[in-house]
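Q: I would like to learn how to read a structure feature by feature. Can we start with pockets?

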Amino acid sequence: MAKPTEHEPHGTHQTKKATASGWIGSALEYYDFFIYATAASLIFPQIFFPKGDPTVAIVASLATYGVGYVARPIGAFVLGHWGDTHGRKTVLLVCMFLMGVSTMAVGILPTYQQVGWFAPALLVALRLIQGFAVAGEISGASSMILEHAPFGRRGFFASFTLQGVQAGQILAAAVFLPLAHFMPKDDFISWGWRIPFLLSIVVIIAGYIIRREVDETPAFAEEGEHGAVPKAPIIQAFQYSWRDMLRVVCMALMNVIPVVATIFGAAYAVQPAYGIGFGADMYLWIPVVGNILAVFVIPFVGNLSDRIGRRPPIIFGALASGLLSFLYLYAISIKNVPLAFVMSLLMWGVVYQGYNAIFPSFYPELFPTRTRVTAMAISQNVGTLITALLPAFFAWVAPPGSTGIPLTIGSLAFGVTVIAAVAAMTARETYRIHLNDLGEPSAVPVDKTEYDRMREQSLADARMAKATA
């Protein structure tokens with residue numbers, strides 16, 4: 001029998017440093033991405049589009065949110081290729097720089113009243129750069145953490161990538177909350193909304209300082225030593241992993257849940273044309289509280305996946321959160337703020353994390369080291385592109401004045417989550433497969449008893465290291 005070490009990359013594993021880098025980098029970068037999402041729902045319809053038809057303004061503003069996802073597959077091809085040929089560390093620094101600069105530029109854009117249609121055109125261009133940049137973040141950060149993590153604890157450590165994303169969303173809303181609440185409404189709409197975008201200078205500075213301290217992963221370094229770094233990882237990914245890439249596309253459709261919770265849900269609850277009447281500053285607390293809860297739930301679910309596998313939490317999270325979307329939208333429709341809070345916490349803050357906490361380990365585990373970033377980036381971003389077009393579609397099929405909005409949008413959301421659950425059911429389980437064997441359909445998982453023993457040893461080593469630190 002081969003020794004376990006023969007199936008794991010040799011070299012120094014900077015588990016904690018890589019995890020911290022992934023967490024903080026994802027938090028800062030998704031702060032940028034989500035302040036745009038918040039502004040697209042609450043502010044942009046009033047300042048970047050004509051005021052004549054509120055429905056057109058809402059649909060157009062939400063469409064600019066979706067445009068960012070149009071650029072993500074393009075960014076995935078470029079940045080995924082870069083991550084698999086030049087290293088995980090390099091691509092993460094490039095992503096950070098592009099995101100920070102484009103987000104700052106949004107904060108100095110002229111409005112529609114100042115320059116007409118040139119304003120939304122510039123907005124779309126900067127959103128495209130944002131989408132391009134973010135396309136390599138999750139796949140690069142997840143791969144870096146996964147390849148630095150010890151066997152038996154990959155799910156736990158990789159989950160911190162998404163915990164960072166949730167923290168970025170909390171930060172985004174937390175910056176908007178005091179501005180929306182304490183500033184006079186006219187001042188907030190006129191110039192106050194620009195402050196969170198201009199603060200993105202922090203992303204560029206902090207991201208560079210943090211990410212330059214992490215070494216390249218042993219797995220990627222070994223690929224280079226053995227001459228296995230591919231010149232065209234895209235070709236290899238499609239040639240050998242297209243089935244798993246298709247599965248990831250379908251599972252990534254789970255992004256429909258945050259779309260319902262924070263994008264369409266915000267427009268439905270806040271925009272005057274819908275007649276619900278939730279205040280913008282009050283409604284911002286829904287994603288804040290939901291994300292705070294998610295920050296605590298994510299590592300618990302990640303650790304659970306190291307014990308029972310990746311597929312069960314994803315399947316449960318998909319189906320249950322899809323069903324809860326009906327109740328969440330119903331709570332908004334009856335103008336019941338406490339019920340909307342509770343449903344948001346259950347749907348997004350808890351149940352959805354069954355998927356959200358797991359995909360940073362499950363997706364990269366489906367692919368070999370040589371094409372891992374490329375295959376994950378392309379397939380995940382194609383899936384999220386599809387769901388990113390949904391806010392404008394939802395506003396079109398359920399416009400202001402229409403009836404049965406919770407049933408209509410809830411049915412669409414649940415149908416999408418069923419597709420994601422079926423994709424997870426057909427995927428192979430990966431949590432007991434050694435790192436060097438990942439991506440191989442014929443790879444034999446470690447016996448459960450032996451796996452549990454090895455995992456306990458990893459936990460004991462971690463406790464000893466902490467005690468002697």
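Q: How much space lies in the largest pocket?
A: First the idea. Work on a 1 Å grid over the protein atoms alone: a pocket is an open set of points where a 1.4 Å probe fits, with protein on both sides within 12 Å along at least five of seven lines. Grid points are joined across faces, edges and corners, and the volume is the space filled by probe spheres set on the points. Here the largest pocket holds about 670 Å³. This is a predicted model, where local features need pLDDT of at least 70, side-chain atom pairs count only at pLDDT 80 or more, and totals for chains, interfaces and linings use all residues. Residues are numbered from 1 along each chain as its sequence is written, and side-chain values use heavy atoms, with hydrogens and water left out.

Q: Which residues line the largest pocket nearest its centre?
A: Lining residues have an atom within 4 Å of a point. The largest pocket has 25 of them, and Pro150, Gln457, Ser458, Asp461 and Ala462 lie nearest its centre.

Q: Which helix gives the most to that lining?
A: Helices are DSSP runs (H or I, at least four residues), numbered from the N terminus. α25 gives the most, with ten residues. Both α1 (15-42) and α25 (448-468) supply at least two residues each.

Q: What is the make-up of the lining by class?
A: Ala, Val, Leu, Ile, Met, Phe, Trp, Tyr, Cys and Pro count as nonpolar, Asp, Glu, Lys and Arg as charged, and the others, Gly among them, as polar. The lining of the largest pocket has ten nonpolar, eight polar and seven charged residues.

Q: How many residues are in the largest nonpolar core?
A: Buried means under 20% relative accessible area (1.4 Å probe, protein chains only). A nonpolar core is a set of buried Ala, Val, Leu, Ile, Met, Phe, Trp, Tyr and Cys residues joined through side-chain atoms within 4.5 Å. The largest one has 106 residues, and Phe44, Trp193 and Met251 have the most contacts inside it. A second, separate core has eight residues, including Val91, Leu92, Ala141 and Val214.

Q: Which residues is Trp193 in contact with?
A: Contact means heavy atoms within 4.5 Å. Leaving aside neighbours within four places in sequence, Trp193 meets Ile43, Phe44, Ile47, Phe48, Val106, Phe176 and Phe188.

Q: Is Gln130 buried or exposed?
A: Gln130 counts as buried, at 0% relative accessibility. Helix α7 (residues 118-134) carries Gln130. Beyond four places in sequence, Gln130 touches Asp32, Phe33, Tyr36, Met99, Ser102 and Thr103.

Q: How many aromatic pairs does the structure hold?
A: A pair of aromatic rings is described by the distance of the centres and the angle of the planes. Rings of Phe, Tyr and Trp (its six-membered ring) pair if their centres lie within 6.5 Å; planes over 60 degrees apart count as edge-to-face. The structure holds 16 such pairs. One of them is Phe264 with Tyr274, edge-to-face at 6.2 Å centre to centre and 80° between the planes. Phe264 lies in helix α15 (residues 256-270) and Tyr274 in the loop between α15 and α16 (280-283), so the pair ties together parts ten residues apart in sequence. Phe264 and Tyr274 are buried.

Q: Why is the pair of Tyr431 and Tyr451 edge-to-face?
A: The planes stand at 80°, with the ring centres 5.2 Å apart, so the pair of Tyr431 and Tyr451 is edge-to-face. Tyr431 sits in the loop between α24 (405-426) and α25, and Tyr451 in helix α25, 20 residues apart.

Notes:
Buried < 20%, exposed > 50% of the residue type's maximum accessible area, 1.4 Å probe, protein only. Phe/Tyr/Trp six-rings, centres within 6.5 Å; stacked < 30°, edge-to-face > 60°.
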